[in-house]
Amino acid sequence: MDKIKVAIIGGSGYSGEELLRLLLRHPGVELVAVTSRENAGKRVGDFFPRYSECDLRFVPPQVEEIASMAEVVFLALPNGLASQYAAPLLEKGCKVIDLSADFRLRDPAVYEKYYKMAHPAPWLLSQAVYGLPELYREELRSARLVANPGCYVTSILLPVTALLREKAASPRGIVAMSMSGVTGAGRKVSLDYIFPECNESLRPYGVTGHRHLPEIEQELAATAQVPSVTMNFLPHLVPVNRGIHSSVLLEPGEGKTLEDAREALEKAYGQEPFVRVLEPGKLADTKHVTRTNLCEIGCLYDSHTGKLVVSSAIDNLTKGASGQAVQNMNLICGFPETTGLLIS
């Protein structure tokens, strides 16, 4: 297997650390650069003692230098900043996998509404392929720019798109309540995320206008082949390091039953390496998926309300971010899709 030279721009955050965990063990990859302005010159293996075998040193994020070394570049950068690197890297022939939100939304006006800034590179939106392999696998194989999905979004899209595709559920009246571990907020010092504030606490946030909402609605509408989807998305912060659990309430499709819903899930994911449809009566548990690239899905019918209840769990840093990014890299580089991802 020929090794692909890869670089990480923004390697000192949680997503960057997770990329290190996966790429250092990937048999088809040579990691040639990891950037960090603040930590430039420091040995990566000293900053992350878990990966003491890594002798690379953090370097400043200089496009010319990175492009001269790497064929594939992961951008683990804040929204708005990532696109400033994506454009010149693409011009220099690199393939780019962006973990920010800069290329997920197809409409720059929607980006401006939810991210409170004008889109920095709208001309690239038509080139970006949405990086959910279970939905866009064939398009990803030839992609040069991959928009890696949001973590909450992945946990909701995987179960719900399968149901909408087979009309086992209605696109109207969807309610999703999701709970995320604290690493979802990133590695930053903020009062809301220090241990005494998070521990023994469960709280909602962003229950109106969360930034992931338009991304979810965009992809659900595309799957359901309707002009738009309007839904409730209720995210919560829970005192665990890793993991997302989403509970989604849906109206069954006309004349559809729980058995139809389960058949839709099995049809979509029966052969997928990273989605596990649970046995009847079982619901998802983050304990079963942390530090893996798996999504676990369960489905019940509530006869009292007439609703489908869908339960899914992922690791927000793996299938919700860096693991999915590596899965996308495998597709665009021609590796078997599971390469480097069957570890924990």
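Biologist: How many disulfides does the structure hold?

Modeller: The count is 0. A disulfide is a pair of cysteine sulfur atoms within 2.5 Å. This is a predicted model, in which local features need pLDDT of at least 70 and side-chain atom pairs count only at pLDDT 80 or more, while totals for chains, interfaces and linings use all residues. Residues are numbered from 1 along each chain as its sequence is written, and side-chain values use heavy atoms, with hydrogens and water left out.

Biologist: What rules out a bond for Cys 333?

Modeller: Its closest cysteine sulfur, in Cys 94, is 11 Å away, which is too far.

Biologist: Why is Cys 299 called buried, and what is Cys 333 called?

Modeller: Buried means under 20% relative accessible area, exposed over 50%, and partly exposed in between, with a 1.4 Å probe and protein chains only. Cys 299 has 2%, so the term is buried. Cys 333 has 22%, and therefore counts as partly exposed.

Biologist: What does Cys 333 touch, leaving out residues up to four places away in sequence?

Modeller: Cys 333 touches Ile 4 and Val 72, where contact means heavy atoms within 4.5 Å. Cys 333 lies in helix H11 (residues 318-333). Helices (H or I, at least four residues) and strands (E, at least two) are DSSP runs, numbered from the N terminus.

Biologist: What makes Glu 134 and Lys 319 a salt bridge?

Modeller: The rule asks for a side-chain nitrogen of Lys or Arg within 4 Å of a carboxyl oxygen of Asp or Glu. Here the closest N and O atoms are 3.0 Å apart, so the pair qualifies. Glu 134 is in helix H6 (residues 133-141) and Lys 319 in H11, so the pair ties together parts that are 185 residues apart in sequence. Glu 134, at 11% relative accessibility, is buried, and Lys 319, at 0%, is buried too. The count by this rule is 19 salt bridges.

Biologist: How do you know that Arg 43 and Asp 46 belong in that count, and how far apart are the closest N and O atoms?

Modeller: They are 3.1 Å apart, so the pair meets the rule. Arg 43 is buried at 16%, whereas Asp 46 is exposed at 55%.

Biologist: What separates Glu 138 from Arg 141 along helix H6?

Modeller: They are 3 residues apart, which is about one helical turn. Their side chains meet in a salt bridge at 3.3 Å, N to O. Glu 138 is exposed at 53%, and Arg 141 is partly exposed at 41%.

Biologist: How do you know that S10 and S13 are paired strands?

Modeller: Two strands pair if DSSP finds at least two bridges between them. Strand S10 (residues 244-250) and strand S13 (residues 307-314) share 7 bridges in the antiparallel sense, so they pair. In S13, Val 309 is the bridge partner of Leu 249.

Biologist: Which order do the strands take in the open sheet of 7 strands?

Modeller: The order is S8-S9-S7-S10-S13-S12-S11, with mixed pairing. Strands S8 (203-204) and S11 (275-277) stand at the edges with a single partner strand each, so one side of each has no neighbour in the sheet.
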